[in-house]
Amino acid sequence: MEFYAKLRDQIRSYIPQQRFKVDTLILKNLKGIGNYKTTIKRIFQEIIRQNPGVSFTVFLCYDTDVFEYSTKPIVNWSEVEKDLKAWGAKKIFHIKAKRSIEDWFLLDEGGILHYLNLSKGTKVSKNGGTKTIETLFKKGGKVYIKGSTRGFVDSLDIKLIMNNICPELKNLCKDLGVKCNDNNRKCT
């Protein structure tokens, strides 16, 4: 959630102030995929209740590692989309962190090393985001706990990461009127 909040703030910085109310980009965490259908319904219907007459575009953000090798994935995304549309979502897009969000964090190697007080020459493995992050944290005398490492996301260059994951964010940027140029991987 902390990363997506920073991403939202960076995207907001590209959008003219008068275009959206401050609270327009609402983030909600399902806190896991257990009982996901009921949770999504409850959360989305509460948002609709609090914002009558507003049409919503929903962006489903998730790591793909849980779904990649499963013959019968835990979450049926087409069913989720169908339900959200039935409940009133105007459009639905997916933002998929290929394998895990930690792979995105590794795009800012310098920010990670700085946060952990490790030298710039520290070797950073490029395969296996979560394992690599855990190893680096261990080298830095810290423990990496997915989803609750205070201050870590603040040390990351969100703009740098965002520019490197431009293709994954393209639909979000387009929907919000942010230019996402794949050629030079720059969002403005």
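**Entry 1: aromatic cluster**

I started with the rings: Phe3, Tyr4, Trp104, Phe105, Tyr115, Phe137, Tyr144 and Phe152 are linked by ring pairs into a cluster. This is a predicted model, where local features need pLDDT of at least 70 and side-chain atom pairs count only at pLDDT 80 or more, while totals for chains, interfaces and linings use all residues. Numbering runs from 1 along each chain as its sequence is written, and side-chain values use heavy atoms, with hydrogens and water left out.

My pairing rule takes rings of Phe, Tyr and Trp (its six-membered ring) with centres within 6.5 Å; planes under 30 degrees apart are stacked, over 60 edge-to-face, and the rest tilted. I get 12 aromatic pairs by this rule. Phe3 and Tyr4 make an edge-to-face pair, because their ring centres are 5.5 Å apart and their planes stand at 75 degrees. I also checked Tyr115: Lys142 lies over its face, 4.1 Å from the ring centre. A charge counts as over a ring if NZ of Lys or CZ of Arg is within 6 Å of the centre and within 35 degrees of the ring normal.

**Entry 2: Tyr4**

Tyr4 sits in helix 1 (residues 2-14). I take helices (H or I, at least four residues) and strands (E, at least two) as DSSP runs, numbered from the N terminus. Is Tyr4 buried or exposed? Tyr4 is buried, at a relative accessible area of 13%. Here buried means under 20%, exposed over 50%, and partly exposed in between (1.4 Å probe, protein chains only). Phe3 is buried too.

I then listed the contacts of Tyr4 (heavy atoms within 4.5 Å). Leaving aside neighbours within four places in sequence, they are Leu27, Cys61, Tyr62, Ile101 and Trp104. Leu27 is 23 residues from Tyr4 in sequence, yet the C-alpha atoms are 7.7 Å apart.

**Entry 3: helix 2**

I checked the length first. Helix 2 (residues 36-50) has 15 residues and should span 21 Å at 1.5 Å a residue; its end C-alpha atoms are 21 Å apart, which agrees. The expected span is 1.5 Å times one less than the number of residues.

Its buried residues are Tyr36, Thr39, Ile40, Ile43, Phe44 and Ile47. Seen down the axis, they fall within an arc of 115 degrees, so they line one face of helix 2. I take the arc from the directions between the helix axis and the C-beta atoms. Arg42 and Arg49 are exposed on the other side. What does the buried set of helix 2 pack against? I find strand 1 (56-63), helix 3 (77-86) and strand 2 (89-97).

**Entry 4: helix 3**

Trp77, Val80, Asp83 and Leu84 are the buried residues of helix 3. They cover an arc of only 120 degrees around the axis, which puts them on the same side. Ser78, Lys82 and Ala86 are exposed on the other side. The buried residues pack against helix 2, strand 1 and strand 2. Gly88 follows helix 3, with a positive phi near 120 degrees.

**Entry 5: Asn117**

I noted a positive phi, near 55 degrees, at Asn117, which is not a glycine. Most residues other than glycine have a negative phi. Asn117 is in the loop between helix 5 (109-115) and helix 6 (129-139). At 69% relative accessibility, Asn117 is exposed.

**Entry 6: confidence**

The chain mean is 83, and 86% of its residues reach 70 or more. Confidence is highest in helix 5, at 94, and lowest in strand 4 (residues 186-187), at a mean of 61. Where pLDDT is low, the predicted coordinates should not be read in detail.

Note on methods. pLDDT = per-residue confidence, 0-100.
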